[in-house]
Structures are given as C-alpha cells and as structure tokens.
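Biologist: I would like to learn how to read a few local features in a set of coordinates. Could we go through one case after another?

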Amino acid sequence: MRLDEKAIARGCGAEVRTGEQLCMAQLDRFLAALATGRPLTVACTAQAPLFAQEAEAAQVPAPTFVNIREHAGWSTEGRNAGAKMAALIAAAAEPMPATPLVLLESNGVTLVLGRDAVALEAAARLQDRLDLTVLLTDAEEVTPPRTVPFPVMRGRARAATGWLGAFEVTVDGAAMPRPSSRARFDWGPGKDGATSRADIVLDLTSNPPLFPTHEVRQGYLRADPADAAAVERAIAQAGELVGTFDKPRFVTFEGSLCAHARNKRNGCTRCIDLCPTGAITPGTGPLKDQVVISAEICAGCGACAAVCPTGAATYTLPPARALARRIRTLLLAYREAGGEAPVLLLHDEAQGEPLLDALARHGDGLPARVLPLKVNEPTALDLSLIAGAFAWGASAIRVLLPARRKHGAEGLLRNLDYANAALAGLGLGHASPRAAAIETDDPFSLGEALTALPRTPFAFAPSTHQAIGTPREMALQAFRTLRAAAKAPAETVPMPALAPFGVAKVGTEGCTLCLACTSVCPTSAFSANPERPQLRFLEDACVQCNLCAATCPEKVISLEPRLNFAEAATVPQVVKEEEPAACQRCGKLFGTKASIARVKAKLSAHWMFADPGRQALLDLCEECRIDAATSGGIDPYAGPERPATRTTEDYLREAERAKRDKP
C-alpha cells in the first residue's frame with residue numbers, strides 16, 4: 001500500500017507520522033505519538049485491540065481508528081488514493097456525541113408458546129435459569145411429563161404488546177390441565193381474553209409471529225419447532241436475557257414540533273406509515289395531537305427521522321448535525337488534498353464492511369474517487385445529509401443496501417428521489433442519477449456499479465458552509481447554496497409527492513377568513529394579523545402536513561410540493577384580506593363587511609329578521625348588540641301572532657252547528 005504523505009498532510013491539516021510495521025517493529029512510534037497527549041488517529045484497524053491496550057496501559061484516551069487499507073490502499077487505483085486517504089483520516093477525527101440509552105430490565109419471567117413436546121423440552125432445559133410458563137395450542141396431542149416443575153396451560157396467543165421485560169400476551173381458550181390427564185393432556189374449561197405478562201416470549205408454535213418485523217423485537221424469540229438448530233439458538237438466547245440491558249435510544253422526539261394532528265384532524269402520518277415495528281402510534285389524552293415513539297420497541301431503522309418534515313423525530317446514532325459535519329470534513333479534505341469528482345458511498349457495519357473487505361481482498365477494490373463512510377443505519381439518512389453532501393462537493397451519492405430490501409428503506413428512497421428532483425430542477429441532474437441506492441450482496445457487483453459511474457463533477461467549487469440548525473434548515477441551506485453556485489435561473493422547482501417543502505394554495509374566492517387553518521398549522525406557516533382581517537402564509541415554514549386542508553370548512557386549500565427559492569418564500573405573504581366592519585354604535589372592529597353581508601343575505605328570509613330593527617343588530621359588535629336588544633325592548637323570542645287556542649268545547653260546538661246546518 002503506497003502512502004502519499006504530502007497529499008495526506010495537505011488534506012488532514014495535521015501532523016502526519018508514518019510507518020511500515022507500526023504494530024510490530026515500529027510500535028515505539030505509536031507509543032511516542034501517544035505520549036504527546038494530543039488527540040490521535042491511527043490509520044490501521046488490523047491491530048486496533050493492541051493499540052487500545054497500550055493506550056489503556058498509558059492511562060490516556062484510546063485513539064480513533066480508520067481503515068485506509070481495505071477502503072483505499074488495497075485497490076487497483078491505490079496509487080492514486082492519497083487524497084482519499086487524507087479524507088478518510090480527517091473525517092474519522094471528527095468527534096461524535098455519546099449515544100443516549102434506555103434501560104431494559106428482565107427478571108427472567110418467560111412464556112413459552114408451543115404446539116408439541118418441543119416446547120416442554122425447551123422449558124425443561126431452561127427451568128434452572130428462567131421462571132417459566134408453557135402455553136400449548138393443543139394442535140397436537142402431548143403426553144404430560146411425570147413431574148411438571150413449571151405451569152403448563154392450553155391457549156392460543158391472539159395478540160401481544162410490549163418488549164423485553166414488559167410483554168403482555170392476550171390468550172384465548174386459556175385452560176389448566178386436569179390432574180387426571182394420562183396419555184395426553186386433558187384440559188379444563190377455557191377462558192377467552194386472559195392476559196399473560198412476561199419478560200421473555202419464546203414462540204415455538206410455527207404460527208404467524210405476534211409482532212411485525214418480529215426479528216428485531218427484543219425479548220421475542222421465535223423458532224420453527226421442526227428446525228432443531230433454530231430451537232437450540234432460541235434456547236441459548238433466552239437463557240441470556242436476564243438482568244439489565246442498555247439499549248440505544250435511536251430516536252429523540254420533540255412532541256411540540258409534531259404535525260400529526262390538531263383538533264381531532266389527522267395531518268402528517270409519514271412516520272406511522274413507515275415504521276416497520278409498530279413503535280410509533282397516535283398519541284392519546286394530553287398527547288392526542290402528536291405521535292408517541294416507544295424507545296423500548298424502536299429497532300433503530302430511523303425511517304421516521306428520515307422523513308419527519310418538522311424535525312420532531314431525529315436520529316441519534318449520531319444526530320444529523322454531527323454526521324453532516326463528518327460528511328463535510330470528508331468531502332472538503334478530499335478536495336483540499338487534490339481529489340476531484342468524489343462519489344460518497346454510505347454503508348453500514350453489518351453488510352457494508354464485509355462487502356468492502358471482500359472487494360479489497362479478492363477484487364479490484366474501491367475506485368480512488370469513491371469515499372466510503374460508515375453510518376449506523378443507511379435508512380436513517382435524511383434529506384439534509386444528501387443535499388449537504390452535494391453542496392460540499394460530492395458529484396454522486398450511492399447508498400449500499402442489501403439485495404433484500406431493508407425494513408424502513410422507503411423513507412431513504414424518497415429522499416434520494418427528492419434530491420434528484422431538486423438537482424434536475426436546478427440544471428444539475430444527469431442521465432445516471434446523482435443519488436441512488438445500490439442493492440446487492442455481491443462485492444463484485446458493487447465494484448462494477450461504482451466503477452461504471454460517469455465522471456460528472458459540478459462546474460463550481462464546493463461550498464464550505466457549516467452544518468447548523470435543524471435537518472430541515474440544513475436541507476434548505478444546501479439547496480440554496482447549490483442554486484447560487486449553479487447560477488440556476490429557476491425560482492421554483494417541482495417536487496415529488498410527500499416532499500416536506502411546498503405551498504398551500506388558498507382559493508380566495510371561497511375563503512371566508514374563518515382562520516381555522518391558522519389554529520391547526522403546527523409550524524405557523526398560516527398566520528392571522530391581529531390588527532385586521534387578514535390571512536398570511538409563509539412558504540418556508542410549510543411542511544405539507546395537510547392539516548390546513550383537512551380542517552378548512554370551505555375546502556379551498558390544496559397542497560403543491562415544491563422548492564421556492566424566491567425571497568418572497570422567506571417572509572409572510574398576504575393570502576387574503578377584507579375590509580373590516582366597524583360597529584355602527586361604538587366603532588369597534590368586530591368582523592368583515594363581506595362576512596356580515598353574507599350573514600344578512602342568509603337571514604333575510606327568516607321571520608326573526610323581517611323587522612329592519614332586528615336586522616340592524618347584525619351591524620353591532622357583541623357588546624352593543626346585547627345592550628341594544630335589552631334596552632330597546634326587543635324580545636328575542638317574539639314571533640308572528642300565534643293562532644288562538646282551540647278547546648274540546650270549540651270542536652263540539654262546531655260539530656253541533658254543522659249538524660243543524662245540514663239540510
């Protein structure tokens with residue numbers, strides 16, 4: 001592996017020390033660098049345990065590690081990878097915040113669901129470590145064991161909620177065995193709707209799973225009873241699930257920013273629609289206007305954070321701002337070291353690292369201009385990161401996904417489409433999409449796809465702006481930077497459906513200025529003027545949540561996703577205003593002339609307003625109207641003269657008269 005020391009030093013902007021056998025004959029060089037007490041990055045991961053051990057012995061912080069061998073040097077283009085190495089080293093030194101944690105506690109209370117003797121055998125092997133209850137479906141006859149050290153029941157698990165340490169399973173047909181059971185279990189009377197609480201659920205029924213994406217529900221273990229190896233793995237895992245466990249809090253949530261609902265109207269449901277685990281549900285009670293995210297259930301795909309238009313849900317491994325800083329450092333260091341037309345390759349640890357390793361060891365390796373960056377979950381990448389990468393100089397972005405699409409990938413794919421639509425509208429698109437996913441499990445297919453990418457750099461220098469603000473603000477900043485650099489004339493760019501930017505159009509002829517839209521808008525994109533009858537709209541704040549359109553009683557609001565770069569989008573614009581109506585008695589402004597005219601027109605045919613005096617009350621404010629009605633002697637219950645009351649005697653007299661008049 002050839003090291004271009006000048007390019008590395010130029011791109012990193014730090015002191016660079018090199019070696020050929022840093023972990024062996026030249027270990028003293030590492031120890032000397034460690035002794036300086038300065039932050040240290042080691043561009044070798046093969047002997048990371050050794051280096052970490054030496055740092056621990058010296059009682060200094062462990063160094064940061066970065067892989068420039070498989071990711072850069074071991075490649076047919078390795079001799080030209082100096083700028084890439086510099087970029088990888090510089091990005092690795094960018095600090096990341098600590099991950100927040102949520103505590104799960106399990107006391108080992110376990111519900112074993114089974115259909116046959118396999119469930120009893122599994123429970124027998126776990127009885128010394130767990131507190132067990134076995135629930136058999138009675139689908140097959142099971143011979144009762146001679147001694148039963150744990151409860152055995154019959155029942156069908158109909159539904160389940162919860163997580164490791166807090167499961168609740170709803171059971172139908174729950175029944176205890178009769179003591180007289182001999183060759184097979186004989187069950188007593190059953191009960192529907194019983195609830196079983198457990199810390200762990202071991203499902204050996206081969207029935208459909210109790211949870212969506214069950215494989216990521218901690219504490220829920222499932223195996224086909226006919227697959228002995230799978231049963232063995234499940235038994236081993238169950239035995240280890242006792243104690244307290246730290247689980248990453250993958251998503252932070254700020255409920256006040258949520259655009260889910262207002263006044264019993266649903267608006268944005270992007271996160272609920274995409275969450276594969278059911279961790280996100282509509283709130284109730286005091287939280288009825290927002291969603292609720294269960295940190296205990298969340299499996300960390302980050303799809304909610306990828307599509308949240310307001311920034312209410314944000315990913316934490318790491319937060320968008322921190323990851324944006326690393327992407328910025330990577331791309332700008334590459335440029336500073338002399339690199340051109342970089343391709344940003346985003347991948348994860350579980351799938352991406354083995355593929356890159358195999359490609360480097362058994363194939364041609366990564367092209368010199370492909371900059372790999374490991375993220376916790378590619379499906380959590382929001383639009384700000386993709387747009388920011390292009391503004392900081394990426395000529396293309398590729399996201400590595402498994403051939404079998406991951407849970408929650410839909411949000412990421414939407415964001416890639418949004419980025420391509422914005423670039424195309426700014427005249428920066430290309431026949432080969434600048435942003436796309438590579439879905440493969442084959443390292444050689446990955447290498448071919450990356451090598452075939454056209455070299456299409458932007459014709460302008462990358463921006464150096466900092467990653468500041470919410471993900472939405474960072475995305476808008478990046479798109480505005482790209483438009484300014486490209487000198488694109490387009491003021492508005494159409495965007496695909498569900499894009500988080502756009503305009504809410506109001507049919508002003510049908511609008512009555514009821515201002516219902518202003519009361520439900522979660523971002524204050526719609527606002528009222530306290531001084532006069534006026535509806536205003538701020539396009540930069542609109543997240544296309546649809547609450548305004550769902551609430552509008554006249555149904556005159558429609559949404560149009562777009563990016564608007566005009567200055568008018570950054571300041572509130574008057575959508576509709578009307579001449580205010582002044583009280584004819586005190587002069588107070590209390591409505592609009594148009595609304596009062598509409599009310600008069602609707603009431604003109606009503607008997608209560610046939611009297612001009614009564615109709616004049618409509619020209620008064622609420623206080624003067626009450627005063628005029630009471631002091632003027634107007635009876636609000638008065639109406640047309642009612643017909644005289646007729647009694648039985650009246651009807652009898654009329655009948656007698658009719659009889660006499662009859663010829």
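This is a predicted model: local features need pLDDT of at least 70, side-chain atom pairs count only at pLDDT 80 or more; totals for chains, interfaces and linings use all residues.

Biologist: Let us begin with strands. Which strands form the open sheet that contains E19, and in what order?

Modeller: A general point comes before the case. In a regular strand the side chains alternate between the two faces of the sheet. Here four strands make an open sheet, ordered E19-E18-E20-E21, with parallel pairing. At its edges stand strand E19 (370-374) and strand E21 (435-439); each has a single partner strand, so one side of each is left without a neighbour in the sheet. On average, neighbouring strands of this sheet are turned by 25° against each other, direction ignored.

Biologist: How many bridges hold the pairing of E20 and E21?

Modeller: Five bridges link strand E20 (residues 396-401) with E21, in the parallel sense.

Biologist: Which strands does helix H13 touch?

Modeller: Helix H13 (residues 409-425) packs on the sheet and touches E20 and E21. The direction of H13 makes about 145° with that of E21.

Biologist: Now strand E4. How many of its residues are buried?

Modeller: Five of the six residues in strand E4 (residues 109-114) are buried, and the strand is mostly covered. E4 pairs with E5 in the parallel sense over six bridges, and the bridge partner of Gly114 in E5 is Leu136. E4 also runs parallel to strand E9 (residues 200-204), joined to it by five bridges. In that pairing Val112 has Leu202 of E9 as its bridge partner.

Biologist: What unit do E4, helix H6 and E5 make?

Modeller: Together E4, helix H6 (residues 117-126) and E5 make a β-α-β unit, and the unit is right-handed.

Biologist: Next, the backbone. What should I expect of phi and of the peptide bond in general?

Modeller: Most residues other than glycine have a negative phi, and most peptide bonds are trans. Against that background, the bond from Leu317 to Pro318 is cis, with omega near -10°. Pro318 sits in the loop between strand E17 (313-315) and helix H10 (320-336).

Biologist: Where is Asp138, and what is its phi?

Modeller: Asp138 has a positive phi, near 70°, although it is not glycine. Its place is the loop between strand E5 (131-136) and strand E6 (152-161). With a relative accessible area of 37%, Asp138 is partly exposed.

Biologist: And what is the phi of Ser524?

Modeller: Ser524 is also a residue other than glycine with a positive phi, in this case near 60°. The residue lies in the loop between helix H16 (516-520) and strand E24 (526-528).

Biologist: Last, the cysteines. How many disulfides does the structure hold?

Modeller: A disulfide is a covalent bond between the sulfur atoms of two cysteines. This structure holds zero disulfides. For Cys545 the nearest cysteine sulfur belongs to Cys548, 6.1 Å away. Cys545 is buried, at 9% relative accessible area.

Biologist: Is Cys583 buried or exposed?

Modeller: Cys583 is buried, with a relative accessible area of 5%.

Definitions and conventions:
Residues are numbered from 1 along each chain as its sequence is written. Side-chain values use heavy atoms; hydrogens and water are left out. A disulfide is a pair of cysteine sulfur atoms within 2.5 Å. Buried means under 20% relative accessible area, exposed over 50%, partly exposed in between (1.4 Å probe, protein chains only). Helices (H or I, at least four residues) and strands (E, at least two) are DSSP runs, numbered from the N terminus. Two strands pair if DSSP finds at least two bridges between them. Axes are lines fitted to C-alpha atoms, for helices over the stretch in contact, and angles run from 0 to 180 degrees between N-to-C directions. Contact means heavy atoms within 4.5 Å. A crossover is right-handed if, with the strands pointing away from the viewer, the path from the first strand over the helix to the second runs clockwise.
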